[in-house]
Amino acid sequence: MPITLVLHIGLALFLVQTLENPDVDRQKKQILCGGAVLALVFLFVAALDRYGAFDLEQRAQNTSVYQAAGQLMLDVPDNEQVAAHDSAAWPIVAVGQRVVSIPWPEPMIHDAAMRQAAIRHLFDATLTQAEREDAARRLGVRILVVDKRLIAAPTLAVIQKQIPNSQQVGTMVRFDIFD
């Protein structure tokens, strides 16, 4: 969603600059405005397609990902890091819990790329249970969190089979890899 917002703002600024430019003739301004409106509609529809279905699923379950994250993290100390898959990190961070990595390029975190690679490895469907436990130990985490909508079903099935100790609230699932 943030990229859509950035594109909307950039397109709006481009439009304002072009429309205020006296060197651009009226016909070009009309074509530009029509193209911009079509682009905005396309971006809006694309965002609805990507995020709208998620919201409907959450509403049907009568819980938000933030409420789910809050419930799943109640017994976890604030200073303990958890491993969150992909965008499941955002609600975990929003409720005050630390995560190993966020799925976002962050230039001020020098080891962000390494952390992101480690998280991708931890949630790799080809890992054995022993390899997943070893990867979790290296990261210093005992809890894995996924959003069922954002993880491939075969990967989720492998993790569920390897780590039976889990809790689910809404679409968020917490796996306690170590007791």
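How exposed is D86, and what is its relative accessible area? D86 is partly exposed, with a relative accessible area of 32%, and this residue is found in the loop between strand 1 (81-84) and helix 4 (89-94). The structure described here is a predicted model, and its protein chain holds seven helices and five strands. The points below go from the chain as a whole to the sheet, then to the cores, and finally to single helices and one loop.

**The chain as a whole**

- The protein chain has 179 residues, and buried residues make up 35% of them.
- Among the contacts in the protein chain with a separation of 6 or more, 56% are between residues 24 or more positions apart.
- The accessible surface of the protein chain comes to about 10900 Å², and carbon and sulfur atoms account for 61% of this surface.

- Strand 1 pairs with strand 2 in the parallel sense over two bridges, and Q81 stands opposite R98 in strand 2.
- Strand 1 also pairs with strand 3 in the parallel sense, again over two bridges, and the bridge partner of A83 in strand 3 is L144.
- Strand 4 (residues 166-169) and strand 5 run antiparallel and are joined by four bridges, with V173 in strand 5 as the bridge partner of Q168.
- These two strands, strand 4 and strand 5, form a hairpin with two residues between them, and G170 in the turn has a positive phi of about 60°.

- In soluble globular proteins, nonpolar side chains tend to be buried together.
- The largest nonpolar core has 18 residues, and those with the most contacts inside it are A83, L122, F123, L144, V146 and F175. Helix 5 (112-122), helix 6, strand 3, helix 7 and strand 5 each supply at least two residues of this core.
- A second, separate core of 17 residues includes A68, V82, V99 and I102.
- Leaving aside its neighbours within four places in sequence, A83 is in contact with V100, I119, L122, F123, V141, I143, L144 and V145.

**Helices with a buried side**

- The buried residues of helix 7 (residues 153-162) are T155, L156, I159 and Q162. Because these residues cover an arc of only 130° around the axis, they are on the same side of helix 7.
- Helix 6 (129-139), strand 3 (143-147) and strand 5 (172-176) are among the elements that cover the buried residues of helix 7, whereas the face turned away from the buried side carries the exposed residues A153, P154 and K161.
- In helix 3 (residues 65-72), the residues V65, A68, A69 and L72 are buried. Seen down the axis of helix 3, these buried residues fall within an arc of 100°, so they line one face of the helix.

**The loop between strand 1 and helix 4**

- H85 has its place in the loop between strand 1 and helix 4, and with a relative accessibility of 16% H85 counts as buried, since the cut-off for a buried residue is under 20% relative accessible area.
- Not counting residues up to four places away in sequence, H85 touches F123, V145, V146, L150 and I151.
- D86, found in this loop as well, has a phi near 50°, which is a positive value in a residue other than glycine.

Definitions and conventions: Residues are numbered from 1 along each chain as its sequence is written. This is a predicted model: local features need pLDDT of at least 70, side-chain atom pairs count only at pLDDT 80 or more; totals for chains, interfaces and linings use all residues. Side-chain values use heavy atoms; hydrogens and water are left out. Buried means under 20% relative accessible area, exposed over 50%, partly exposed in between (1.4 Å probe, protein chains only). The arc is that of the directions from the helix axis to the C-beta atoms. Contact means heavy atoms within 4.5 Å. A nonpolar core is a set of buried Ala, Val, Leu, Ile, Met, Phe, Trp, Tyr and Cys residues joined through side-chain atoms within 4.5 Å. Two strands pair if DSSP finds at least two bridges between them. Accessible areas come from the Shrake-Rupley method with a 1.4 Å probe; for residues, only the protein chains shown count as cover.
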